[in-house]
Amino acid sequence: MINDFESIVIEFRDHFFGFCGHLIKKEKKLLILGDLIESFEEYSTSLNGSEKNLREITALLQEAVIQGNYIYFDVRINIGKTKFYFVNIEEFVLEEIEILEYLKAKEQFVDGENSGNILTINFKPFFDKIPSVRSTKNIGSGVKFLNRHLSSEMFTNIEKWKEQLFDFLKMHNHFGMQLLLNDRVSNSEELLKNIKHALKHLNEFDDNEKFATVKNKLQEYGFEPGLGKNVKEIKLTFQLLDDLLNSPDHIALKNFISRIPMVFNIAVISPHGFFAQEGVLGLPDTGGQVVYILDQVKSLEKALSQSLKKMGLEIQPKIVVLTRLIPNSRGTKCNEKREKIHGTKNCWIVRVPFKDNNSEIIPDWISRFKVWPYLESFAEESFILLKAEFNGRPDLIIGNYSDGNLVSYLLAKRFNVTQCCIAHALEKSKYLFSDIYWSDLEDNYNFSLQFTADLIAMNASDFQITSTYQEIAGTENTVGQYETHQHFTLPGLYRVENGVNLYHPKFNIMSPGVNESIYFPYTNQKNRISGTRDELNKMIFEDTDDPEIFGNLENPEKIPIFSMARLDENKNIVALARWFGQNKELQEKANLIIVAGKINADDSSDHEEKNQIGIMHNIINEYNLHNKIKWLGKLFRKDEAGEVYRIIAERRGLFVQPGLFEGFGLTVLEAMISGLPVIATKYGGPLEIIQNGINGFHIDPVNDEESIKILVDVVNRINFEKDFWEKISKASIERVNAAYNWKLYSQNLLSNAKIYGFWKYSTDLEKKDLEAYLDVLYSLLFKKRAEALTN
């Protein structure tokens with residue numbers, strides 16, 4: 001990627017200003033990357049081919065604001081690195097400008113000269129206090145960087161850090177039971193001396209001897225339970241601690257801190273939608289996040305229990321998923337205050353209602369875009385409830401999505417515990433111009449509150465989990481979800497000069513897995529339920545008279561093209577139906593099977609889904625697809641959903657995920673592990689999950705012609721190329737097994753929680769000043785405006 005933007009512009013000065021002259025003639029005055037590339041292609045027809053470097057830097061132009069003969073450019077010099085330029089066409093001037101000047105130009109584009117003075121938010125002073133990752137390739141590897149930084153600090157000032165580590169170890173207990181160290185050791189020097197005595201004593205015993213055998217002598221030396229279940233594990237703990245106190249390095253630090261029993265109770269926050277274990281997938285605002293959290297919690301409990309047992313503690317951890325109680329629950333368990341999570345020993349869904357200004361419980365579902373006025377009172381009531389649930393406090397709070405992350409901020413502050421945030425999807429990156437035209441979208445989306453909540457939570461958190469690199473920082477050619485929050489403006493409300501630091505060590509990539517008891521290869525016949533398979537086969541491929549199913553297949557033996565998702569604009573299911581309708585060859589060789597939303601708009605309470613239902617019916621009628629499509633507007637249990645993938649795989653079908661943007665892509669993993677070849681959007685997680693042409697295929701869902709071509713090509717290769725389907729199917733299963741599993745995810749999350757907990761304890765470099773700043777933003781920009789929605 002070219003870094004020296006200005007020198008290339010100088011070299012091709014005439015061509016660059018010629019291109020700028022071409023831009024000011026455009027009718028559109030706010031241009032994005034695609035517009036700029038298209039405009040350059042128009043302009044370059046008059047060039048002689050010597051403009052290669054100019055073409056490359058033109059591809060760095062992310063946005064342009066045109067005001068008369070002036071142009072303001074947003075130039076992405078590198079991943080996470082942006083510069084802003086002003087061009088005066090009349091005087092042939094190019095000069096670098098500050099972020100604020102560019103943002104003000106955008107505000108004037110929207111509001112004219114009435115843009116006025118508005119609040120500027122700038123987190124850079126807090127970023128400057130924190131050590132940052134240096135290389136773009138290390139973005140998302142925050143804990144690795146932090147381990148190296150902390151161990152380096154310890155080595156440089158070892159006496160200070162010895163005492164800090166000693167104090168940190170002495171503070172650990174569980175409901176009054178002292179762990180690790182007792183009062184018989186009073187400082188780090190005594191600790192080092194007693195480790196040597198203890199190791200000498202332990203060498204007299206077999207490695208498998210239990211802690212109870214050596215407990216009394218170890219207590220005399222100042223040691224308590226939590227060091228290991230047997231002599232072997234205790235010795236390993238002592239050796240790591242001895243290394244850390246004498247000659248700290250990042251490996252010893254990670255291995256030692258990861259062993260400490262400091263996480264017993266976890267609160268997972270997910271307020272919006274219908275959160276339950278059965279009968280909810282496909283309901284409004286209810287999809288992959290529910291699946292993600294339930295699988296995450298089950299895996300975390302296993303990893304946490306194993307970790308505690310390894311350290312000699314017979315303590316049952318507890319995990320609470322905190323969500324909203326919905327009295328009118330549409331036949332689900334979302335009206336029950338408490339629900340045990342299947343397959344766990346001590347994991348629970350606990351539900352707290354939303355209440356209005358009169359403290360009356362709100363009975364019906366509320367869109368995720370409308371929940372903002374209820375979150376503070378939800379957090380207040382949840383604080384009291386969680387204290388009771390844990391008989392104290394959680395050790396870690398994990399927020400999910402914008403609303404859950406904001407509540408996690410409020411709760412972590414009250415409990416003074418480690419806060420982790422998982423965005424799942426940042427809406428700002430999904431809705432074009434949703435920042436500058438926020439006021440036009442406010443009635444339906446309340447983006448101003450959501451973007452504010454995102455800014456507060458992502459800067460308050462101790463660490464952030466993302467599923468992919470591109471979620472943070474995109475690629476060389478595309479902007480990441482978090483990257484879109486670096487600088488933006490909500491004209492008339494506030495502007496963000498520096499909103500997030502992609503190089504912050506809080507960012508960590510941890511890809512989830514799939515529930516292997518539900519989603520497994522179609523060839524695994526012994527785990528499949530024949531009754532469920534037969535029932536679903538009949539439902540999908542035979543004629544039915546069911547009000548929740550539309551269409552009957554004229555020739556059910558054709559290749560099934562399958563998709564399953566919520567029926568909303570971003571999931572883009574209607575585009576898949578349109579591609580299918582526009583191509584006769586596809587219709588001749590394949591059927592379209594869709595599981596999405598409702599069949600009738602009157603049955604939906606979601607305005608976006610209602611609109612998509614209407615579009616689907618229009619497409620079916622326009623292209624006469626009634627005998628070539630099966631549209632199931634049903635809610636499947638998870639085991640049924642898993643079997644649907646396998647049924648499609650048995651018929652050598654394929655799965656298509658046509659989303660305009662997909663934060664990660666759990667359905668992509670589910671389809672792949674089932675053995676289905678997958679064609680998925682290149683925007684978001686699938687770009688990293690799928691290795692194009694090896695275990696699946698990428699499409700650009702905004703390019704209809706190219707997407708149709710890829711679909712036709714894959715269908716033809718399935719039909720005519722020997723072993724093609726089997727090769728992709730096998731590679732898909734291998735890809736998921738190798739790279740995406742919950743066991744590794746859970747081990748890494750718990751390790752991170754401990755390391756960031758140690759970081760939180762040992763340094764307050766940013767926290768106190770930052771907390772005050774966040775409190776002001778919360779009160780000024782979120783709380784009052786959220787309350788106004790219900791007045």
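This is a predicted model: local features need pLDDT of at least 70, side-chain atom pairs count only at pLDDT 80 or more; totals for chains, interfaces and linings use all residues.

## A covered strand and its partners

Leu396, Ile398 and Asn400 point one way from strand E13, Ile397 and Gly399 point the other way, and all are buried. Buried means under 20% relative accessible area, exposed means over 50%, and partly exposed lies in between, with a 1.4 Å probe and protein chains only. In a regular strand the side chains alternate between the two faces of the sheet.

Residues are numbered from 1 along each chain as its sequence is written, and side-chain values use heavy atoms, with hydrogens and water left out. Helices (H or I, at least four residues) and strands (E, at least two) are DSSP runs, numbered from the N terminus.

E13 has partners. Two strands pair if DSSP finds at least two bridges between them. Strand E9 (residues 265–269) pairs with E13 in the parallel sense over 4 bridges. Here Ile269 stands opposite Gly399. Strand E14 (residues 418–422) also pairs with E13 in the parallel sense, over 5 bridges. Asn400 stands opposite Ile422 in E14.

E13, helix H15 (residues 401–415) and E14 make a right-handed β-α-β unit. Right-handed means that, with the strands pointing away from the viewer, the path from the first strand over the helix to the second runs clockwise.

## Helix H14

Helix H14 (residues 375–390) has 16 residues, which at 1.5 Å a residue should span 22 Å. The expected span is 1.5 Å times one less than the number of residues. The end C-alpha atoms of H14 are 21 Å apart, which agrees.

The buried residues of H14 include Leu375, Phe378, Ala379, Ser382 and Phe383. An α-helix has 3.6 residues a turn, so residues three or four places apart point the same way. The buried residues of H14 pack against E9, strand E10 (318–325), strand E11 (338–340), strand E12 (347–353) and H15. Contact means heavy atoms within 4.5 Å. After H14 comes Asn391, whose phi is positive, near 50 degrees.

How many disulfides does the structure hold? It holds 0. A disulfide is a pair of cysteine sulfur atoms within 2.5 Å. Two cysteines show why the sulfurs are too far apart for a bond.

| Cysteine | Closest cysteine sulfur | Distance |
|---|---|---|
| Cys347 | Cys420 | 16 Å |
| Cys420 | Cys421 | 6.6 Å |

Cys347 counts as buried because its relative accessibility is 0%. Cys420 is buried too, with a relative accessible area of 0%.

## An antiparallel sheet

An open sheet is formed by 5 strands in the order E1-E2-E3-E4-E5, with antiparallel pairing. Its edge strands are E1 (30–32) and E5 (93–97), and each pairs on one side only. Strand E4 (residues 81–88) is joined to E5 by 5 bridges. Tyr85 stands opposite Glu96 in E5.

## A buried valine

Val656 is found in strand E23 (residues 654–657). Is Val656 buried or exposed? Val656 counts as buried, because its relative accessibility is 0%. Leaving aside neighbours within four places in sequence, Val656 is in contact with residues including Ile561, Phe562 and Leu711. Val656 and Leu711 are 55 residues apart along the chain, and their C-alpha atoms are separated by 8.9 Å.
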